[in-house]
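Please read the numbered points alongside the sequence and the model.

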Amino acid sequence: MDRVSEGNATQCRVSLSSGTGIKEMYLFPSLLILAAVPFVCKGSCDVVPKDQYIEARSDTKIFCKTSCVQGKVYWTLNNRRVNESLSNTINSSHTVLSLRNFTHHRATLQCHRADNEQVLGGTTIRTYTRPSKISCILHYNNQPMRGVPKQLTCTWEHPIVPPLKINYTVLSVSPLNSIPSEICRSHETTCTAEYADINEKISLSLAYFNVTVRAKSAAWEASSDSYTFEQYRILKITYPKLNVTAVSDDVLVGWTITPSIGDYNCQVKYRKVGSEEAPTVVNTTLKRGRRGQMTIEKVESCSNYTFAIRCALQNAKWSDWSPETTVLTKLEKNDVKLHMWRKIVEAEKNGVREVRALWMGIPSTCQDTITYTVKQTPDKERMTGVNDTGTLCANSVCYVNQEAHRIHLTLFRDESLFAEDSVYVPAIGESLPQVTDIQTSTLEGVILVSWKAPVRPVSSYMIDYTNNGIQYYWKEIKQTNTTLIDLLDKKPYNITVTPLFGDKTGHGTQALQICSRLGDPGNVTNIIIEATDTSANVTWNVDTQEACSGVVVTYTVVVHNTRKGLQLNVTVEGTKQHVLLENLNPETRYIVYVMATALTGTTTSDEKWFSTKRFDPRLSTTLAVSGGILIVLVLSLGLCCAVRWKKFKEKPVPNPRHSSVALWPSTSRDEEISPFQPFHPSESPCDIVCIEEPQRTSTPPSATGSNDIPACDPMEEYTDPAMLPAPVAQNEDPVEPVETQDPSSPGESTELLLSKSSPSSPYRSQNSVETPALRTSNKKQEKTPPLMVYVSLDMFEQGQGR
C-alpha cells in the first residue's frame with residue numbers, strides 16, 4: 001500500500017502480488033490491511049506553518065487542514081475568538097485565516113471544530129521590527145582637539161520583546177561606492193568606527209553618504225531603511241575654551257573655538273550657586289574667525305555664579321557643554337540696601353535711653369574692604385540747619401537723652417564713601433501716631449500679627465522681633481497684618497510694631513510675648529510614693545525647661561502589678577500633681593509612671609516601683625503612741641511612790657531612852673486634854689512631816705483665825721494641870737529636874753515631867769534646853785516653841801500594865 005499526496009488530495013493505492021503461493025501465505029494478513037485502509041486514508045487535521053516569525057504590522061495567512069472532520073471550523077487568537085470574516089474555506093480539507101497589520105509581539109493561534117469546540121491544531125506567531133531612527137555623528141574622542149574628526153558613531157532604535165541576541169551590522173553606500181560596505185558591527189544599538197579605518201568609504205570630501213543597519217537573529221533577519229547624512233551636518237566640534245571675568249557691575253564671558261571652519265551658533269548658560277531655579281541660557285551667533293564675547297548683566301552682588309558654553313556649526317550637532325566655571329560677582333552700589341532701623345532697648349533711665357542701630361549688612365562673601373560708622377545727632381540741629389558732626393556710637397549702641405535724635409550710618413568701600421542712611425528716634429512724650437490692639441497667634445511655626453491703624457495717616461509700618469534680645473529681625477510693610485516665617489522652633493518672641501510717616505517714626509507698641517510653636521509638656525520628675533497596705537499616695541513635679549512647653553491638660557498615673565500583670569489608670573486634672581491610689585493588694589510590688597498630656601503632645605516619666613505594706617502603718621503608730629503613754633504613766637506613778645517612800649524613810653524616829661512614862665488620861669477627858677490632834681481621814685497621806693525647830697516662835701492656831709492646818713508650824717505644847725508635879729500646882733518651889741545628857745545628842749536636855757516613882761507620869765518628854773515648867777513661873781509665861789510628842793505602842797502597853 002502506497003500513500004501519495006497530490007495537490008490538496010490524498011490517494012491511497014494498494015497492490016497485491018498475483019503469486020498463488022504468496023496469496024495463500026499472506027491471505028489473512030492482507031485482509032486485515034485492506035480493512036484498515038479506509039481509516040488511514042481518511043486524512044489528518046493540523047495548522048501550518050508552525051512557529052512563524054513575521055515583521056510587525058505585516059500581513060500573513062495561516063492554514064487549517066480539516067480533512068479529518070466534517071463541518072465548519074473557527075479560529076481563536078490568544079483564546080479569543082477571531083472574526084469569521086477573516087476565515088475562508090478553500091475546500092473540504094483546507095481553511096485559511098488572513099491576518100492583516102499584525103502587531104502582537106507573540107500570539108497563539110488555534111483552529112477549533114465548530115460543533116464540539118475540539119482543537120484541531122495550533123501555531124505560534126512572533127513579530128520582529130526593523131532598526132529605525134538611525135543617527136550618526138563625526139566627532140573627536142578627546143576634548144579639546146583639532147584636525148580631522150577621529151570617530152564615526154551611529155545609534156538607532158530597535159525594541160525586541162522578549163530580548164534576543166541580535167547581531168547588528170552598519171553598512172554604508174556612497175556616491176563613489178554603490179555596493180554596501182561594512183562600517184562596524186555590534187550587539188548593541190550603537191556602533192563606533194575609527195575614522196581612519198573608514199576614510200576610503202566615507203571621505204570628508206564627499207557631500208553625503210548613506211547608512212543602513214542590518215539586524216540578524218537565529219530565526220529572522222531585517223534591514224533598516226537607508227538614511228542619508230551630510231558630512232558637515234553631522235560634525236560635532238569640541239567644546240569651546242571658556243573665560244569668565246567679574247567686573248564692577250557685570251560679568252564678561254569670552255571663548256574660542258577650534259577648528260574655525262564656518263559660522264557657529266553658541267549658547268551660554270549660567271546660574272547662581274545654590275539656586276533651585278533653571279539655568280539662564282543666552283543664544284548668540286559667532287562669525288567665522290571671530291572670538292566669542294558676551295556681557296552678562298543683572299547678577300546679584302557678591303554671589304557665586306557658574307558658567308558653561310557650547311557651540312555648533314550651522315545646522316550641525318551641538319558640542320558638549322564646557323566644564324563649569326565659577327566666578328564671584330562684585331559689589332554693586334545699586335544692590336546695597338541698608339534698610340536701617342533702630343531699637344530702643346532700654347526705656348528712659350536717669351534721662352538717658354539706650355538705642356541700638358540695626359541695618360542689613362554687606363554679604364560676607366564680598367571681597368571688598370567695607371567699614372561702617374554710626375553717629376547720633378539731635379534732630380533739632382538738623383531742623384535749624386546747624387552742621388553738627390555728631391557723636392560716634394560704640395558697637396552700634398547709642399545713648400540719647402529725652403529729646404528727638406537721628407542715628408546716621410555711613411558705609412565706606414576702600415576708604416571712599418559708598419552708601420549712607422539714617423533713622424529717627426522720637427522724643428519722650430512727643431505727639432506721634434501709635435498702633436493699638438495688637439493681636440498675635442501662631443500656626444505650625446508661623447506667627448500671625450495684626451493691629452489697628454492709628455487715626456493719623458501713616459506711610460508704612462516697621463515690625464521688629466527677637467527671641468533673645470540680641471539678634472533682631474525687622475521688615476517694612478504697608479498692610480495692618482503680617483506673617484513672620486523662618487522662626488526658631490519652640491522659642492518665645494517679642495514683637496514691636498512702629499508706624500512710619502515721611503522720614504520720621506512713631507512710637508512703637510509691643511505685643512505680648514508669643515511662642516513660635518508650643519512644644520511637649522515638661523518632664524515629669526521627682527515622683528514620691530507613700531504606700532500603705534491597700535493604698536498609695538503619689539506626688540510629682542513637672543520640670544519645665546523650655547519656655548514654650550505645652551500647658552498640661554491632664555495627668556495619667558499608670559500602675560502595673562508586676563505579679564499579676566494588671567494595670568490601673570487614674571487621670572486627674574492638669575492643676576493637680578498628686579493622686580491617691582486605692583484598692584491595692586497588701587504586700588505587693590507595683591510599677592508606676594506618670595504621663596503628662598497637653599494639646600501639643602505627651603511626655604512620660606521614668607518608671608518607679610514600690611511595694612505595699614503588710615499591715616496598715618497607722619495601726620503601728622497607734623500602738624506605739626498608746627504604749628508610750630502607758631509607759632509614761634507607769635514611770636510617773638513609780639516615781640511618785642519612790643519619792644513618798646524616800647520621804648517616809650527620812651522621817652525622824654524618836655529614841656525611847658529620851659522618853660518618860662506617864663499615865664494615859666482618863667477616857668472622859670480625852671477630847672479635852674489630849675495632846676494629840678485627831679486623825680482626819682480626808683487629809684492627804686503625803687502631808688509634809690516637819691522637823692522641830694527649837695528657837696522658832698510660832699503663832700497659836702487660834703490667833704490666825706484660820707481652820708487650815710498650818711504648814712510646817714510645830715504644834716504648841718499642851719500641859720495638863722493634873723499631870724503637873726505637886727509643887728508646881730501648889731505654887732511651891734519647883735523641883736529641879738534631873739538632866740541627863742545623851743552623848744550621841746549633844747545640846748539636847750531632858751526634863752522629867754514627873755518623878756520616876758510617881759504613878760501618874762509614865763512618859764518622858766523630849767524638849768529643848770528650856771523647859772515649859774520654868775517658863776510658866778512668876779506669871780510671865782512666854783510663848784514657847786511647840787512640843788512634839790512621840791508615842792510608841794510599847795509605851796501604851798507599859799502604861800496599861802501599871
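1. Two strands are said to pair if DSSP finds at least two bridges between them. Helices (H or I, at least four residues) and strands (E, at least two) are DSSP runs, numbered from the N terminus. On these terms, β13 and strand β16 (residues 190-194) pair in the antiparallel sense over 5 bridges, and the bridge partner of Q151 in β16 is E194.

2. On the basis of the note: this is a predicted model, in which local features need pLDDT of at least 70, side-chain atom pairs count only at pLDDT 80 or more, and totals for chains, interfaces and linings use all residues. Residues are numbered from 1 along each chain as its sequence is written, and side-chain values use heavy atoms, with hydrogens and water left out.

3. Overall composition. The protein chain has 10 helices and 52 strands. Of its 802 residues, 35% count as buried; buried means under 20% relative accessible area, exposed over 50%, and partly exposed in between (1.4 Å probe, protein chains only). The chain exposes about 50100 Å², of which carbon and sulfur atoms supply 51%; accessible areas come from the Shrake-Rupley method with a 1.4 Å probe, and for residues only the protein chains shown count as cover. A contact means heavy atoms within 4.5 Å. Among contacts in the protein chain with a separation of 6 or more, 61% involve residues 24 or more positions apart.

4. The surroundings of β13. How many of the 7 residues of strand β13 (residues 151-157) are buried? The number is 5, so the strand is largely enclosed by the rest of the structure. Besides its pairing with β16, β13 pairs with strand β12 (residues 132-139) in the antiparallel sense over 6 bridges. The bridge partner of L138 in β13 is L152.

5. Nonpolar cores. A nonpolar core is a set of buried Ala, Val, Leu, Ile, Met, Phe, Trp, Tyr and Cys residues joined through side-chain atoms within 4.5 Å. The largest one has 50 residues, and L152, V253, W255 and F307 touch the most other members. Strand β25 (residues 304-313) contributes the largest share of this core, 5 residues. Another core, of 27 residues, lies apart from it and includes C302, I362, V374 and W474. In soluble globular proteins, nonpolar side chains tend to be buried together.

6. An open sheet. Strand β25 also belongs to an open sheet of 4 strands, in the order β23-β22-β25-β26, with antiparallel pairing. Each of the edge strands, β23 (280-286) and β26 (325-328), has a single partner strand, so one side of each is left without a neighbour in the sheet. From one strand to the next, the twist averages 25 degrees; axes are lines fitted to C-alpha atoms, for helices over the stretch in contact, and angles run from 0 to 180 degrees between N-to-C directions. Strand β22 (residues 264-272) pairs with β23 over 7 bridges in the antiparallel sense, and C266 stands opposite T284 in β23.

7. Salt bridges. The structure holds 15 salt bridges, each defined as a side-chain nitrogen of Lys or Arg within 4 Å of a carboxyl oxygen of Asp or Glu. In the pair D503 and R406, the closest N and O atoms are 3.7 Å apart. This pair links distant parts of the chain: D503 lies in the loop between β39 (492-501) and β40 (504-505), R406 lies in strand β32 (residues 405-413), and the two are 97 residues apart. R406 is buried, at 4% relative accessible area, whereas D503 is partly exposed at 45%. Salt bridges that share partners also join E55, R130 and D225 into one network.

8. Two further salt bridges. R185 pairs with E182, the closest N and O atoms being 3.0 Å apart; R185 is exposed at 60%, and E182 is partly exposed at 32%. D46 forms a salt bridge with K50, with closest N and O atoms 3.0 Å apart.

9. Backbone points to inspect. The peptide bond from V48 to P49 is cis, with omega near -5 degrees, and P49 lies in the loop between β3 (45-48) and β4 (52-55). Which residues other than glycine have a positive phi? K490 is one of them, with phi near 55 degrees; K490 lies in the loop between β38 (481-484) and β39. N526 is another, with phi near 50 degrees, and N526 lies in strand β43 (residues 523-531).
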